[in-house]
Amino acid sequence: MDATTKAGLFYRLIALITRLPWPVMRHLGNALACLWTRLDARESRVARRNIAQVFPQLNPAQQQAMHRQVMTATARQAMETLWFWTHRPADNLRRLRQQHGQALYHSARASGQGLIVIAPHHGNWELLNQWLAAQGPLAIVYAPPASASGDAFLQRVRGVDNITQIRAEGPAVRQMLKTLKAGGTLAILPDQQPKQGDGVFVPFFGMQALTMTLVNRLASRTGADLLYAWCERVDGPDLAFDLHLEPAPAELAGEDAHAATARLNKDIEAIVRRAPAQYQWTYKRFTLRPPGSGQANPYADLRKPRRH
């Protein structure tokens, strides 16, 4: 069975599940969060370690409460994403209660200077992709999965009208520059750990984090406009979000890549602090440590021993 066929079968399975009413899907998300915690799953262990590292001012009871909130938000985000991938974008966008800053977005697109949308892993970025695509042509950068069927699946669920997907490998930077120099719009998720040599260590929630310099390189070479964007979940039983678009400072395009990247992380941190549980704390953000620091991988001891 080829990768495309496997991806199609997986899509149909998900589409069958997401025929369930949203309240049922929400309860499934809550059950998944409880399961992760009870089984001490990878997601639970990584989130607990991240919370301990970046919120040391919280006492153990407060950290445990945040852990529960993160698990619930992460599991619901998974259910939401399956829902958005298998429902019409026009219907999904009706889930947006408020839209803040859309005039900034349209003005930046109309300028013809190119636009970089900086989208942290906060809230639901798949809904954000669909909103951006509804406004006109958009290129998004993504890290392809290891399996061909996984990649074919992402091509299917994200391949809505107006979206061009750029694999974060090989000629990707040339494609991004070409898009921006032609006045196009490019969306980047900037808060995943790059390879050594592709980023710099700058603070993020008080921890030194290897952070990509891609936004700085693209902005400095093209003069593109810069906006932060995210879809934040609205508290309550409904599937509802608020869209946020805010201007990013010119400092991100500065000659000093280290200072520009530090400012990027500072701004992302400010966004996350508005609703901390909605950030992707299940990601091993601090695996690589600064050379010569003597610091160990903070997740190295989280691997569960094999059972014999």
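Buried means under 20% relative accessible area. Keep that cut-off at hand for these exercises on a predicted model.

**Exercise 1.** Decide whether helix H7 (residues 125-135) is mostly covered or mostly open, then look at both of its ends.

*Solution.* Start with the residues that fall under the cut-off: Trp 125, Glu 126, Leu 127, Leu 128, Asn 129, Gln 130, Trp 131, Leu 132 and Ala 133 are buried. That makes nine of the eleven residues in H7, and the helix is mostly covered. Next, go to the start of H7, where a side-chain oxygen of Asn 124 comes to within 3.0 Å of the backbone nitrogen of Glu 126. Finally, step just past the helix: Gly 136 has a positive phi of about 150°.

**Exercise 2.** Find the residues with the most contacts inside the largest nonpolar core, and trace the surroundings of Ile 188.

*Solution.* The largest nonpolar core holds 49 residues, and Ile 116, Ile 118, Leu 186, Ile 188 and Leu 218 have the most contacts inside it. Helix H4 (residues 60-86) supplies the largest share of this core, five residues. A second, separate core has 38 residues, including Trp 83, Leu 96, Ala 133 and Leu 138. Now zoom in on Ile 188: setting aside neighbours within four places in sequence, its contacts are Ile 116, Val 117, Ile 118, Ala 119, Val 141, Met 212, Leu 214, Val 215 and Leu 218.

**Exercise 3.** Classify His 244 as buried or exposed, and list its contacts beyond four places in sequence.

*Solution.* First locate His 244 in strand E9 (residues 241-247). Its relative accessible area is 13%, so His 244 is buried. Beyond neighbours within four places in sequence, His 244 contacts His 100, Tyr 228, Ala 229, Trp 230, Glu 232 and Arg 274.

Definitions and conventions:
Residues numbered from 1 in each chain as written. Predicted model: local features only at pLDDT ≥ 70, side-chain atom pairs only at ≥ 80, totals over all residues. Heavy atoms only, no water. Core = buried A, V, L, I, M, F, W, Y, C linked by side-chain atoms within 4.5 Å. Buried < 20%, exposed > 50% of the residue type's maximum accessible area, 1.4 Å probe, protein only. Helix = DSSP H or I, 4+ residues; strand = E, 2+ residues; numbered from the N terminus. Contact = heavy atoms within 4.5 Å. Polar contact = N/O pair within 3.5 Å; in protein donor to acceptor, adjacent residues only side chain to side chain.
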